[in-house]
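Have the model open and follow along.

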Amino acid sequence: MSGRKRTQISVPETEDQVKRGVSLRQVRSTVHDHESGDVDDVKPGTVKSQYFSKEGDPERLGEEFFNQPCISLAKAFLGKVLVRRSADGTELRGRVVETEAYLGGEDKASHSAGGKCTERNTAMFMKPGTIYVYPIYGIYLCMNVSSQGEGAAVLLRALEPLHGLPLMKQLQTARRREGARPLKDKELCNGPSKLCQALDIPHCFDRRDVASDPEVWLERDTQIGPQEPDLREVVSASRIGIDSHGEWATKPLRFYLRGHHCVSVVNKQAETQTHSLANNVISDFASSSVDVCDGDTGQS
């Protein structure tokens, strides 16, 4: 989509890694020697949704899925699986458990605030489903996916590691200082830069189409089926690290699965408010259903 030539995926090594003789190619080959044939087969008899790819893997999310408003897409991502396929065919998988919505020009905390399109944020203005990868602190990366809306995109904030954990651990270790505490499984992808490290998401993925890319994509989780997360399980909270952006710093545009051990930051106050609101909505729906059964047309 960007017109740039795709090359073999690699991540520059730090001076410390060079001294230690560690390379991601060595990491991948070492783990691959101990782990093979572990890619899950697609289960027969699965239900195919309009949102899934019409070609190839029926579980893969197609372009129709990403063509929805930013907040809706951020919530819809929850429970879906991010898949990263490396050059040697190894697949890493993680279930999305936390996202943040950035609404475009009106959103003062967004890279596209004011509708400004730059070389850095061009992907946010491209068609829904375009990958936006940007660096933070000069060394870490974050992965977003564009949605409907001028300059709108969803940040993938945390994953639950599902498949390929040995390789994820090796990839993380190669980027950490020597002697650092080993990460627990739940800590491998519980942050936007962590998930990019664990799944080896490079900066050159920027502006690619996640609906058709051969190296990274999203699919529905065959373990939980096509249903969306229960309303009471999705927490709406303020986003992380944007305290200097006034009222936009407190808007509930971060979404995560309640009680999940891989969520990066838990907001107890938001959980209480979300739970109460969800119960009210469900209660109102139940009441209206009873009224209809009693012959009420629902018109006032």
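Which residues of helix 4 are buried?

## Helix 4 and its buried face

They are Cys 70, Leu 73, Ala 74, Ala 76 and Phe 77, where buried means under 20% relative accessible area, exposed over 50%, and partly exposed in between (1.4 Å probe, protein chains only). Before going on, a word on ground rules: this is a predicted model, in which local features need pLDDT of at least 70 and side-chain atom pairs count only at pLDDT 80 or more, while totals for chains, interfaces and linings use all residues. Residues are numbered from 1 along each chain as its sequence is written, and side-chain values use heavy atoms, with hydrogens and water left out. Helices (H or I, at least four residues) and strands (E, at least two) are DSSP runs numbered from the N terminus.

Look down the axis of helix 4 and the buried residues fall within an arc of 165°, so they line one face of the helix; the arc is that of the directions from the helix axis to the C-beta atoms. Their cover includes helix 3 (63–66), strand 2 (91–102), strand 4, strand 5, strand 6 and strand 8 (254–257).

## The nonpolar cores

The largest nonpolar core has 52 residues, and Phe 66, Phe 77, Leu 82, Met 143 and Leu 199 touch the most other members. Helix 4 (residues 70–77) is the top contributor to this core, giving five residues. Apart from this core lies another one of eleven residues, including Tyr 102, Tyr 134, Ala 153 and Ile 242. A nonpolar core here is a set of buried Ala, Val, Leu, Ile, Met, Phe, Trp, Tyr and Cys residues joined through side-chain atoms within 4.5 Å.

Leaving aside neighbours within four places in sequence, Leu 82 is in contact (heavy atoms within 4.5 Å) with Leu 92, Arg 93, Gly 94, Met 143, Leu 156, Leu 159, Leu 195, Leu 199, Val 216, Trp 217 and Leu 218.

## Strand 4 and its partners

Strand 4 (residues 140–146) is largely enclosed by the rest of the structure, because six of its seven residues are buried. On one side of the pairing story, strand 3 (residues 131–136) runs antiparallel to strand 4 over six bridges, with Tyr 132 bridged to Asn 144. Two strands pair if DSSP finds at least two bridges between them. Strand 3 and strand 4 form a hairpin with three residues between them. Tyr 137, in that turn, has a positive phi of about 55° despite not being a glycine, and at 74% relative accessibility Tyr 137 counts as exposed.

Strand 4 also pairs with strand 5 (residues 153–163), antiparallel again, through three bridges. One of the bridge pairs is Ser 146 with Ala 153. This hairpin has six residues between its strands, and Gly 149 in the turn has a positive phi of about 105°.

Arg 254 sits in strand 8 and is buried, with a relative accessible area of 1%. The Arg 254 side chain reaches the backbone oxygen of Ser 238 at 3.0 Å and that of Val 265 at 2.7 Å. These are polar contacts: pairs of N or O atoms within 3.5 Å, where within protein one must be able to donate a hydrogen and the other to accept it, and residues adjacent in sequence count only if both atoms are side-chain atoms.

The loop between helix 6 (192–198) and strand 6 (216–219) is worth a stop too. Asp 206 is found there and is buried at 5% relative accessibility; a polar atom of its side chain lies 3.1 Å from the backbone nitrogen of Val 133. In that loop, Glu 215 is buried at 15%, and its side chain makes a polar contact with the side chain of Arg 208 (2.7 Å). Asp 200 belongs to the loop as well: it is buried at 3% relative accessibility, and has a positive phi of about 55° although it is not a glycine.

## Cysteines

Where are the disulfides? There are zero in this structure, a disulfide being a pair of cysteine sulfur atoms within 2.5 Å. Take Cys 196, buried at 3% relative accessibility: its sulfur is 6.1 Å from the closest cysteine sulfur, in Cys 142, which is too far for a bond. Cys 70 is buried as well, at 5% relative accessibility.
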